[in-house]
There are 4 protein chains.
Amino acid sequence: MFLAIDFQSDIPIYMQLKHQIIAGIARGELKEGENLPSVRQLAQDIGINLHTVNKAYTLLKEDKYILMDRRKGAVINSMESMADADSVTRLREEIAPLIAQAFCKGMKEDELLLEIAEIYRSFSQGVQR
Amino acid sequence: MFLAIDFQSDIPIYMQLKHQIIAGIARGELKEGENLPSVRQLAQDIGINLHTVNKAYTLLKEDKYILMDRRKGAVINSMESMADADSVTRLREEIAPLIAQAFCKGMKEDELLLEIAEIYRSFSQGVQR
Amino acid sequence: MFLAIDFQSDIPIYMQLKHQIIAGIARGELKEGENLPSVRQLAQDIGINLHTVNKAYTLLKEDKYILMDRRKGAVINSMESMADADSVTRLREEIAPLIAQAFCKGMKEDELLLEIAEIYRSFSQGVQR
Amino acid sequence: MFLAIDFQSDIPIYMQLKHQIIAGIARGELKEGENLPSVRQLAQDIGINLHTVNKAYTLLKEDKYILMDRRKGAVINSMESMADADSVTRLREEIAPLIAQAFCKGMKEDELLLEIAEIYRSFSQGVQR
DNA sequence: GTGGTCTAGACCACG
DNA sequence: GTGGTCTAGACCACT
C-alpha cells in the first residue's frame, strides 16, 4: 500500500497516516490479519520521526482498527471488531460542521448525497463485511 | 444567537466559534447583512480573549462567510458570495476520511445517506438560497 | 467625478479617497482651480464620517494636490505646483516591494513595463502638464 | 541574509519583514528549498516578538512565497509555485495609484519606465526562473 | 468604540 | 526545539 504524506498540510502527519491506513482498510487493500510495517520501517520509508508513526499506530489501536501484538507487531483487526457505536456518535459530530459548510458553499442536498455515496462506494467495493 | 463553547474539547476555541457561526448561517439564524457582535463584545460574553474571537472572524472572512466592513464591523455575507468551487474541493477532501471511518465502523450506505440528509435538512430549513 | 469606495477593502477609506482624487486629477477629470465638494457634502454623499473626508483632504493638501481656501473650500492645485522631488523619492521606495513581488510572481520585464506604460497613458491622456 | 527593520517607519514590522524576504528571494539571496530561521530565532535576532515574525511568515505562506514544512519549518518555495494570476491582478491594483502620483508629481513616461526597469533588474540579476 | 498591531508569557501538539 | 493556541494588556489607526 502506498502512503502519500503532505508535509505542508495543516493536518498533522500522524493524522494523515491514520487516515490513509483507515482508507486502505476501507478499500480492502489492508485485510484482516495483515501486518503493517514496523514503526521503525515505516518511519524510515516515509522519512519521518519514529514517535510520529508510533502515535498513529496507538490511535489506530485505540479505535480498534489494529491490534498491537508484541511478536507480530501491528495487525489489521477484523471488520466486526472495529464496529463501535461510540465512534459513530463521534463521527456524527465531526461531520455536521462540514455539512453546514457544504450548504453555505452552495451544495444542493442531492448533489451532496451523490458525492457522499460515490465516496462510500469507492471504499466499500470489494470489502467483505 | 447562542454560542456554546466547550472549553474541555480538543477542538480549538476559535474553530468551535467558526463552526457555530457557520451553523448559525446555515440554520438561517444569521442572515445576510446582519452584524456579528464586535470582537470585544463577543469575547466578553463568552469569557475568552478578544484575539481568539478575532482569529475566528479572520478565518470566516477568508472563507467569505462574513465581510469586515470598516464602518459596521463583521457582517454576514450573501449566500451567493459564499459559494466557491475551491472550498467545495477542500470539503470533499476533509469528508472522505470520515466516510472511510463510518464504513469501517459498520455504517451501511443507506444509513449514512439518511443521517447526512437529516443533518443537511436541519440546516437548510427556512434558509433562502 | 465618481468615487467608488470599497468598505470591505483593507485599504483605509481616507486612503481610497485620496487615491481616487489623485487618479481623477491624473485623468484630467479634475482640473486646476476646480472645487472639490465640501467635506460635509462628500461625507454625506458617500455615507462616511466627516473626519474621514477631512483626513483625506488634509493629506492631499500636505502633498500639494489641493489647496484649502477658507472661502472656496478645497481647490485643485496646478500641476506645476504639485511637482516635488521628495515625493518622487518616497514613491520609489513604495514601488520597489511591488516590483519584487511582480518578479517573483513570474512577470517578465517587458510585460511589466508594458503594463506600467499602459496605466501611465490611461492617466496622462488629455492632461496638459 | 541581512534584515534591516525600521522601527520608526509607519509600515508595520511584519510587513517590512515580508517585503525584505520577498526582495531577498527576488535578488536570489534566498533560493528554493532554503530554510528561513525559526520564528523564535529570527525574532531574537531582530529583537522583536515571535508573534510578529509568525505573522510575516503566515502571510508569506498564504502568498506562496514559502512553505511551512512540518519537519523543517519555513522553506522558500519554487519560483514556479509562486506564480499566480490573482496576485498579479492585485499587484496591478496596488501599483496604479502610485503611477497616478508619479504622473502628478511630474515624472515623464520614459523616466518612470527607466526607473522601473532599473529596479526590476536589480532584482532579477542572477536569479534563474 | 472599532479593529489592527505589537509585546509578553504560558502551555501544548508535533516531530 | 518547533510552530500553534490562548491569554493579557498596551497603543494606535480608523470611523
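**A close look at helix α6 of chain B**

Author: Start with the length of the helix. Helix α6 of chain B covers residues 109–124, which makes 16 residues. At 1.5 Å a residue, α6(B) should span 22 Å, and its end C-alpha atoms do lie 22 Å apart, so expectation and model agree. Keep in mind that this is a predicted model.

Next, its two sides. Five residues of α6(B) are buried: B:L112, B:I116, B:I119, B:Y120 and B:F123. Looking down the axis of α6(B), these buried residues fall within an arc of 100 degrees, so they line one face of the helix. An α-helix has 3.6 residues a turn, so residues three or four places apart point the same way. The other side of α6(B) carries exposed residues, namely B:D110, B:E111, B:E118 and B:R121.

What does the buried face meet? In chain B, the buried residues of α6(B) pack against α1 (13–26) and α5 (85–104). In chain A, they pack against α5 (85–104) and α6 (109–124).

Chain B puts 38 residues into it, and chain A puts in 38 residues. On the side of chain B that touches chain A, the elements giving two or more residues are α1, α4 (79–82), α5 and α6 of chain B. The largest share of that side comes from α5(B), with 15 residues. By type, the residues on this side of chain B divide into 27 nonpolar, 5 polar and 6 charged.

Now the core. The largest nonpolar core has 66 residues. Those with the most contacts inside this core are A:I99, A:F103, B:I99 and B:F103. Helix α1 of chain A, residues 13–26, gives the most to this core, with 8 residues. Take B:F103 by itself. Leaving aside its neighbours within four places in sequence, B:F103 is in contact with A:A26, A:Y120, A:F123 and A:S124. Another core lies apart from the largest one. This other core has 64 residues, among them C:L17, C:Y57, C:I76 and C:Y120.

Some chain pairs do not touch. No contact joins chain A and chain C, and their closest C-alpha atoms lie 20 Å apart. Chain B and chain D have no contact either, with their closest C-alpha atoms 11 Å apart.

Chain A has 6 helices and 2 strands. From the N terminus on, its elements run α-α-α-β-β-α-α-α. Along its principal axes, the C-alpha trace of chain A spans about 50 × 35 × 25 Å. Of the 129 residues in chain A, 31% are buried. Take the contacts in chain A between residues at least 6 apart in sequence: 51% of them join residues at least 24 apart.

One residue of chain A shows such a distance in sequence. A:R27 sits in the loop between α1 and α2 (39–46) of chain A. A:R27 and A:S124 are 97 residues apart in sequence, but 6.1 Å apart in space, C-alpha to C-alpha. A:R27 has 17 other C-beta atoms within 10 Å, so it is partly exposed.

Back to chain B for its strands. Strand β1(B), residues 66–69, and strand β2(B), residues 73–76, pair in the antiparallel sense over 4 bridges. A hairpin of 3 residues joins β1(B) to β2(B). Across the pair, B:M68 stands opposite B:A74 in β2(B).

Chain D has a hairpin to set beside it. There, β1(D) (residues 66–69) and β2(D) (residues 73–76) run antiparallel, joined by 4 bridges. Between β1(D) and β2(D) lie 3 residues, and the two strands form a hairpin. The bridge partner of D:L67 in β2(D) is D:V75.

Last, one helix residue in chain D. D:T58 lies in helix α3 of chain D, residues 50–62. With 16 C-beta neighbours inside 10 Å, D:T58 counts as partly exposed. D:T58 and D:H19 are 39 residues apart along the chain, and their C-alpha atoms are separated by 13 Å.

Note on methods
Residues are numbered from 1 along each chain as its sequence is written. Chains are lettered from A and ligands numbered from 1 in the order in which they are written. This is a predicted model: local features need pLDDT of at least 70, side-chain atom pairs count only at pLDDT 80 or more; totals for chains, interfaces and linings use all residues. The expected span of a helix is 1.5 Å times one less than its number of residues. A residue is buried if 20 or more other C-beta atoms lie within 10 Å of its own, exposed if 12 or fewer, and partly exposed in between; C-beta atoms are placed from the backbone. The arc is that of the directions from the helix axis to the C-beta atoms. Two residues are in contact if their C-beta atoms, placed from the backbone, lie within 7 Å. Ala, Val, Leu, Ile, Met, Phe, Trp, Tyr, Cys and Pro count as nonpolar, Asp, Glu, Lys and Arg as charged, and the others, Gly among them, as polar. Two strands pair if DSSP finds at least two bridges between them. A nonpolar core is a set of buried Ala, Val, Leu, Ile, Met, Phe, Trp, Tyr and Cys residues joined through C-beta atoms within 7 Å.
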